[in-house]
Amino acid sequence: MTENDAIGKSTYFLDAESPVEMARLINLDLITTQAMGGPLVGVDNPSRLRNVLDLGCGPGGWVLSVAFAQPTAEVEGVDISRIMVDYANSRAHTQQLLNASFGVMDITQPLDFPDASFDLVNARFLVGVLPATRWPGFIAECTRVLRPGGTIRLTEMIDAGVSSSPAFEELQSFLYRSFQRAGYGFSADGRTLGITHILPSFLRKAGYQNTRRLAHTLEFSMHTDGWMDFYRNAEMGYKLSQAFFAKAGIATQEEAEKFYQQMLIDMHSDDFCGMWHYVTFLGTKPK
Ligand SMILES: C[S@@+](CC[C@H](N)C(=O)[O-])C[C@H]1O[C@@H](n2cnc3c(N)ncnc32)[C@H](O)[C@@H]1O
């Protein structure tokens, strides 16, 4: 498949070539990794890593952080977005991280890597990338490219933030219902994102050993360190999501815009409270 074919076939719920989406992901990476306590939290002996792969790497923040922290590892990121891959390669160059590289690849297809070529395969926030039916095949491909004894590391959201704003909650509900209708996630009723409850069973079925998980939280209440960055994420993310809600038939752009404007007001309120929850799952490929 050529690069243009791959871009044309994107299954992402947002426009992967949008500069606004790229800006959102640059910001999201910083706050996510910081709240987790670093890019490799949960990985045993990170200094022994030789080859690391990040699938759906976006603008490359995770790969660049790992390449900086582990200078003896070769760290590769792949994404379907040409603008994100170009940005990520430019950042690797300006940060003089010769051990970081990025390429365009469609991760819903067989991965263009030989068997057993990585010690660690990482993927974060793919619930809106992989239709539910693609997850088992995706995990099988991760397993194929991992070396025996290698680690799979998947991070997904429980929610997109729980808050005191009814408008924010309504937009969340639009998101969950749109995901369910469009075939993303495994929610039983469209009231959750529906991904974290299923991943441990997928890892067990794929034969992983020593499966484990780490839960993370990020508070974005008014007057906390997380507020500004999370506000920016919501401001960009829910603007971009309006077309998706309309396409899924869950809310017109006018309806979504009304809640969006109210959410921005609510999030500036002195007593606004919010907490975001996400989980990292790890497993070891048998030797
Ligand atoms: C929610 S973002 C997550 C980015 C990154 N993993 C992070 O945590 O910051 C999803 C990413 O998947 C990419 N993507 C969407 N469809 C894809 C596909 N079929 N193959 C590869 N990447 C894809 C998007 O371009 C976007 O960068």
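Visitor: Strand 5, residues 146–157: mostly covered or mostly open?

Guide: Mostly covered. This is a predicted model. In it, 10 of the 12 residues of strand 5 are buried.

Visitor: In what sense does strand 4 pair with strand 5?

Guide: Parallel, over 6 bridges. Strand 4 covers residues 118–124. Asn122 sits opposite Arg153 of strand 5.

Visitor: Which helix does the chain go through from strand 4 to strand 5?

Guide: Helix 5, residues 135–145. That β-α-β crossover is right-handed.

Visitor: And in what sense does strand 8 pair with strand 5?

Guide: Antiparallel, over 7 bridges. Strand 8 runs over residues 274–284. Met157 stands opposite Tyr278 there.

Visitor: Switching topic. Which residues of helix 10 are buried?

Guide: Ala256, Tyr260, Met263, Leu264, Asp266 and Met267. Down the helix axis they fall within an arc of 160 degrees, so they line one face of helix 10.

Visitor: Which exposed residues does the face turned away from that buried side carry?

Guide: Glu254, Lys258 and Ile265.

Visitor: What covers the buried residues of helix 10?

Guide: The cover includes helix 6 (166–182), helix 8 (227–240) and helix 9 (242–248).

Visitor: Length check on helix 10: what span should its 15 residues give, and how far apart are the end C-alpha atoms?

Guide: Helix 10 takes in residues 253–267. At 1.5 Å a residue, it should span 21 Å. The end C-alpha atoms are 20 Å apart, which agrees.

Methods:
Residues numbered from 1 in each chain as written. Predicted model: local features only at pLDDT ≥ 70, side-chain atom pairs only at ≥ 80, totals over all residues. Heavy atoms only, no water. Helix = DSSP H or I, 4+ residues; strand = E, 2+ residues; numbered from the N terminus. Expected span 1.5 Å × (residues − 1). Buried < 20%, exposed > 50% of the residue type's maximum accessible area, 1.4 Å probe, protein only. Arc of directions from axis to C-beta. Contact = heavy atoms within 4.5 Å. Pairing = 2+ DSSP bridges. Right-handed = clockwise from strand over helix to strand, strands pointing away.
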